[in-house]
Amino acid sequence: MAELLRACGAGEESWVRKEDPIAIGNFEPEPDRSVIKGQRSQFRLVKPSTVQFMIELATSSLPIDQAPDFSFYLAPLLNE
C-alpha cells in the first residue's frame with residue numbers, strides 16, 4: 001500500500017480510510033476508499049474535510065453517483 005501511495009503522489013504523511021465519512025459542509029459521503037493527508041491521530045475526533053484522492057465503486061448506486069448534485073458536494077472535497 002505504501003508503494004501505491006507513493007506512486008500516486010500521496011507521500012508518507014498520507015493514509016487510507018475505508019468507508020468512513022468525510023465532512024463536506026452538511027454532507028458526509030462515505031467513499032469506498034479515501035487517501036487522507038496528515039497523521040491518523042489528527043482525525044480521531046474530527047472527520048477529514050479534504051482528500052488527496054478517493055475511490056467509489058458503483059454498481060447498484062451508479063445512477064445516484066452520476067447525479068448532478070453528486071458532483072456539487074464532491075468538488076470542494078478535492079484538493080487542486
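Which residue stands opposite S14 in β2? It is K37. Let me build out from that pair.

First, the ground rules. This is a predicted model, in which local features need pLDDT of at least 70 and side-chain atom pairs count only at pLDDT 80 or more, while totals for chains, interfaces and linings use all residues. Residues are numbered from 1 along each chain as its sequence is written, and side-chain values use heavy atoms, with hydrogens and water left out.

Now the overall layout. The protein has three helices and three strands. Along the sequence the pattern reads α-β-β-β-α-α. Helices here are DSSP runs of H or I with at least four residues, strands are runs of E with at least two, and both are numbered from the N terminus.

On to the sheet. The three strands form an open sheet, ordered β1-β2-β3, with antiparallel pairing. β1 (14-18) and β3 (53-55) are the edges; each has a single partner strand, so one side of each has no neighbour in the sheet. The twist averages 25 degrees from one strand to the next. For that angle, axes are lines fitted to C-alpha atoms, for helices over the stretch in contact, and angles run from 0 to 180 degrees between N-to-C directions.

Strands count as paired if DSSP finds at least two bridges between them. β1 and β2 (residues 33-37) share five bridges. Besides S14 and K37, R17 stands opposite S34 in β2. β2 and β3 pair over three bridges. There, R33 stands opposite I55 in β3.

Next, the loop between β1 and β2. E19 is found there. Its phi is positive, about 55 degrees, and it is not a glycine. Most residues other than glycine have a negative phi. E19 is partly exposed, with a relative accessible area of 44%. Buried means under 20%, exposed over 50%, and partly exposed in between, with a 1.4 Å probe and protein chains only.

What makes up the largest nonpolar core? Six residues: W15, I22, I24, I36, F43 and V51. Such a core is a set of buried Ala, Val, Leu, Ile, Met, Phe, Trp, Tyr and Cys residues joined through side-chain atoms within 4.5 Å.

Look at W15. Leaving aside neighbours within four places in sequence, W15 is in contact with S34, V35, I36, G38, Q39, R40 and F43. Contact means heavy atoms within 4.5 Å.

Last, the whole protein. Buried residues make up 29% of the 80 residues. Of contacts between residues at least 6 apart in sequence, 44% join residues at least 24 apart.
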